[in-house]
Amino acid sequence: NKGALDVAKAVKAAVTGAGKPDTIVVVREAEEVLEGANNAPLLQGLVALLLYLNDRTFLDEGGTVARLVQTAMDRRITIVPVAEQDPASGGVPFRAFFQQTPQVLQQPPY
């Protein structure tokens, strides 16, 4: 989702710059990996979906973010939520995410 790629790149830079040369961090677009035609070989190793939470997270046109979260959960992929703290960048109180999260993701088994 919008903002997640920037956070993922910052995490990659921090890991690779922390003196861990044997650590490989690959950053990919979630939609390409989870919904692409050849996604199976891409899901090797430790896989996580970085979910950037702000005031618009689940308000995207077409519900793409909700669909990707649901797909990740269905595949038992770890979801790493990162909540924006700056109100100027869309940071809101955490309770706001429950209001915008689609009902399907608030029901079992999710």
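In this predicted model, Arg67 counts as partly exposed, with a relative accessibility of 33%. Glu31 falls into the partly exposed class as well, at 40% relative accessibility. The side chains of Arg67 and Glu31 meet in a salt bridge, with an N to O distance of 3.5 Å. Because Arg67 lies in helix H3 (residues 64-74) and Glu31 in helix H2 (residues 30-35), the pair ties together parts that are 36 residues apart in sequence. The count for the model comes to one salt bridge.

The largest pocket has a volume of about 1,100 Å³. It is lined by 35 residues, and those closest to its centre are Val26, Val27, Arg28, Ala48 and Leu50. At least two lining residues come from each of helix H1 (4-16), H2, strand S1 (48-53), H3 and strand S2 (78-83). H1 gives the most to this lining, with six residues. By residue type, the lining of the largest pocket holds 27 nonpolar, five polar and three charged residues.

The second largest pocket has a volume of about 330 Å³. Leu51, Phe58, Phe98, Thr101 and Leu105 are the closest to its centre among the 14 residues that line it. Here S1, H3, S2, helix H4 (95-100) and helix H5 (103-106) each supply at least two residues of the lining. The lining of the second largest pocket divides into 12 nonpolar and two polar residues, with no charged ones.

Definitions and conventions
Residues numbered from 1 in each chain as written. Predicted model: local features only at pLDDT ≥ 70, side-chain atom pairs only at ≥ 80, totals over all residues. Heavy atoms only, no water. Salt bridge = Lys/Arg side-chain N within 4 Å of Asp/Glu carboxyl O. Helix = DSSP H or I, 4+ residues; strand = E, 2+ residues; numbered from the N terminus. Buried < 20%, exposed > 50% of the residue type's maximum accessible area, 1.4 Å probe, protein only. 1 Å grid on protein atoms, 1.4 Å probe; cavity = no way out; pocket = protein on both sides within 12 Å on 5 of 7 lines; lining within 4 Å. Points joined across faces, edges and corners; volume = space filled by probe spheres on them. Nonpolar A, V, L, I, M, F, W, Y, C, P; charged D, E, K, R; others polar.
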